[in-house]
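Here is a short briefing on one protein model. Look at the sequence and the structure first, then read on.

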Amino acid sequence: METDPIIERREQEARLAKEKKLRNVMYLLIGVAVLLAAALAYIWSQKASLINDLEIEKQELTEQIESLQSDYESLSSDYDSINSQLDTSRAEVAALVERIKETEATNRAMIRKYQKELGTLRSIMRNYIVQIDSLNTLNHKLTADAAAARREAAASRAANEKLSQKVENLTGQVAAGSVIKARGLRIEAYNSSDKVTDRSSRVVRLLTSLSLVENDLAPHGPVTVYIRVKDPDGIILTNSRRVSFEFGGETLVASASRRVDYEGSEVDLSIYLNEIPSYTKGVYTVEAYTEQSRLGSAELMLR
């Protein structure tokens with residue numbers, strides 16, 4: 001039986017159409033595979049680039065912290081309190097170096113935290129430098145003042161040598177026997193909770209304490225003790241109740257005063273200084289007087 005040519009042609013056309021359709025699907029799948037491969041390659045490249053950037057950022061941060069560690073090691077002072085604080089900060093920097101070395105560069109939250117800690121430690125170091133410079137400047141000034149005082153004392157001794165030795169001895173004995181003297185002079189800073197503090201930002205008042213020593217030869221009766229508190233710049237601290245007194249033929253300004261009854265026996269007393277708006281870092285000096293004598297001085301370091 002012969003095959004109908006028309007049917008055969010139609011079957012052939014259908015077969016060719018099917019093969020063409022299969023080829024189109026294959027080409028489409030190949031195109032999708034190529035696109036997916038390209039996308040994966042792009043994502044991998046971006047990830048590798050990001051990881052590389054994070055590694056560089058971690059390395060730079062590590063180098064900055066190690067540089068700060070070297071700066072801390074080279075920093076020193078002549079003051080035990082500052083050296084103790086420096087030791088604490090050096091330990092914090094060393095711990096930070098170890099933590100960042102153990103942290104993966106991809107842990108961005110921790111890297112950001114370490115960057116903030118680095119900024120804080122840098123700020124603390126700048127404060128140390130300012131504080132050390134201020135204290136060194138103060139020491140230079142005190143050294144110069146001491147030298148000037150020694151020169152003045154030498155000049156006074158030369159002048160006094162012109163006086164009669166007998167008159168000098170008698171005057172010295174009378175003066176030494178009748179002058180009220182003090183011991184245990186000290187100054188402390190208190191915060192708003194009435195606790196001793198050495199932080200300048202927390203100080204609300206200063207307390208000066210001393211004892212008038214026993215002296216039966218000294219005049220008995222009411223005695224006013226004056227204190228002169230100087231800030232790190234040498235300025236006398238005063239409040240609304242500022243007072244003044246005569247000493248050595250001069251009128252001196254006092255920071256505060258207290259009147260006590262002295263009958264020749266030892267008297268303990270304390271004098272508060274309140275209402276000072278603010279305090280700065282540095283060394284504060286207190287000098288205590290009566291109108292007849294200078295009782296002594298003491299220092300307080302605020303940081």
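Which residues lie nearest the centre of the largest pocket? They are K141, L142, D145, K230 and T285, and the lining has 16 residues. This is a predicted model: local features need pLDDT of at least 70, side-chain atom pairs count only at pLDDT 80 or more, and totals for chains, interfaces and linings use all residues. Residues are numbered from 1 along each chain as its sequence is written, and side-chain values use heavy atoms, with hydrogens and water left out.

**The largest pocket**

- Rolling a probe the size of a water molecule over the atoms shows where empty space is left.
- A pocket is an open set of points on a 1 Å grid over the protein atoms alone, where a 1.4 Å probe fits, with protein on both sides within 12 Å along at least five of seven lines; lining residues have an atom within 4 Å of a point.
- The largest pocket has a volume of about 350 Å³ (the space filled by probe spheres set on the points, which are joined across faces, edges and corners).
- Helix α3 (108-160) and strands β8 (282-289) and β9 (294-302) each supply at least two lining residues. Helices are DSSP runs (H or I) of at least four residues, and strands (E) of at least two.
- The largest share, five residues, comes from α3.
- By type, the lining has six nonpolar, three polar and seven charged residues (Ala, Val, Leu, Ile, Met, Phe, Trp, Tyr, Cys and Pro count as nonpolar, Asp, Glu, Lys and Arg as charged, the others as polar).

**Salt bridges**

- Side chains of opposite charge can pair when their charged atoms come close.
- The whole structure holds nine salt bridges (a side-chain nitrogen of Lys or Arg within 4 Å of a carboxyl oxygen of Asp or Glu).
- R183 pairs with E266, with the closest N and O atoms 2.5 Å apart. R183 sits in strand β1 and E266 in the loop between β6 and β7, 83 residues apart.
- R303 pairs with D198 at 3.1 Å. R303 lies in the segment after β9 and D198 in the loop between β1 and β2, so the pair ties together parts 105 residues apart in sequence.
- R294 pairs with E287 at 3.6 Å. Shared partners join K230, E287 and R294 into one network of salt bridges.
- E287 is buried at 13% relative accessibility, while R294 is partly exposed at 43% (buried means under 20% relative accessible area, exposed over 50%, partly exposed in between, with a 1.4 Å probe and protein chains only).
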